[in-house]
Amino acid sequence: MKGVAGLERPGKRRGERPHGPHEKYNPGVDLSLISVVLKGIDVRSRDAILPVLRRTQEAYGYIPREAVFELAKRLKTTPAHLYGVATFYDQLSLAPQGRNVIRLCTNMACHVNGAESLLEFLCAKLKIKSGNTTRDGRYTIIQSECIGSCGRGPAMMVNGDSYYGLTPRKIERILARYK
Ligand code: FES
């Protein structure tokens, strides 16, 4: 399935614990960044939502609950609608992420080449579940939809870098490159 340019390959993040609308307000979130996020955006446009969420993630490193509510006011929509969009795309996160975000594809072509067992290996190696971040903030694992390398799977991305033909040994070498 295709999404908006620059944010393709939507999918659900299994195991992640994103915030929801009923959690406590965090006054530590700097809402003055919202004006920067909205700069040059036509907030009346229906097409504004995805670019705004993407910019929000760039500004905060993820999409905080407080930002969702503020954006809903400014975009004249509901927090639920923004949550719906944010949870649809792998690349948008409602939880803070590590310095290095690992997206391991488990879609069909990678699945038949052993992606699930690689995901188990990766989770065991980093001692976290898929969707979570290591205590030191070094890695986040995301079980991902197709990343466009089906013929060379199993495949994963670390930050913006793509890796193919993965094996446990190869994954160990790749991880060592990301501090
Ligand atoms: S199915 Fe894994 S990269 Fe396409």
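User: Why are H3 and H4 oblique to each other?

Analyst: Helix H3 (residues 65-74) and helix H4 (residues 79-88) pack at about 120°, their axes 8 Å apart. Angles under 35 degrees count as roughly parallel, over 145 as roughly antiparallel, 65 to 115 as roughly perpendicular and the rest as oblique; H3 and H4 are therefore oblique. Axes are lines fitted to C-alpha atoms, for helices over the stretch in contact, with angles from 0 to 180 degrees between N-to-C directions. Helices (H or I, at least four residues) and strands (E, at least two) are DSSP runs numbered from the N terminus.

The model is predicted: local features need pLDDT of at least 70 and side-chain atom pairs 80 or more, while totals for chains, interfaces and linings use all residues. Residues are numbered from 1 along each chain as its sequence is written.

User: Which residues make the contact of H3 and H4?

Analyst: H3 gives Val68, Phe69, Leu71 and Ala72, and H4 gives Pro79, Leu82 and Tyr83. Contact means that C-beta atoms, placed from the backbone, lie within 7 Å.

User: How do you know that S3 and S4 pair?

Analyst: Pairing requires at least two bridges found by DSSP. Strand S3 (residues 156-158) and S4 have 3 bridges, in the antiparallel sense, so they meet that definition. Val158 stands opposite Asp161 in S4.

User: What makes S2 and S4 edge strands?

Analyst: The open sheet runs S2-S1-S3-S4, with mixed pairing. S2 (139-144) and S4 (161-163) each pair on one side only.

Technical notes: Two residues are in contact if their C-beta atoms, placed from the backbone, lie within 7 Å.
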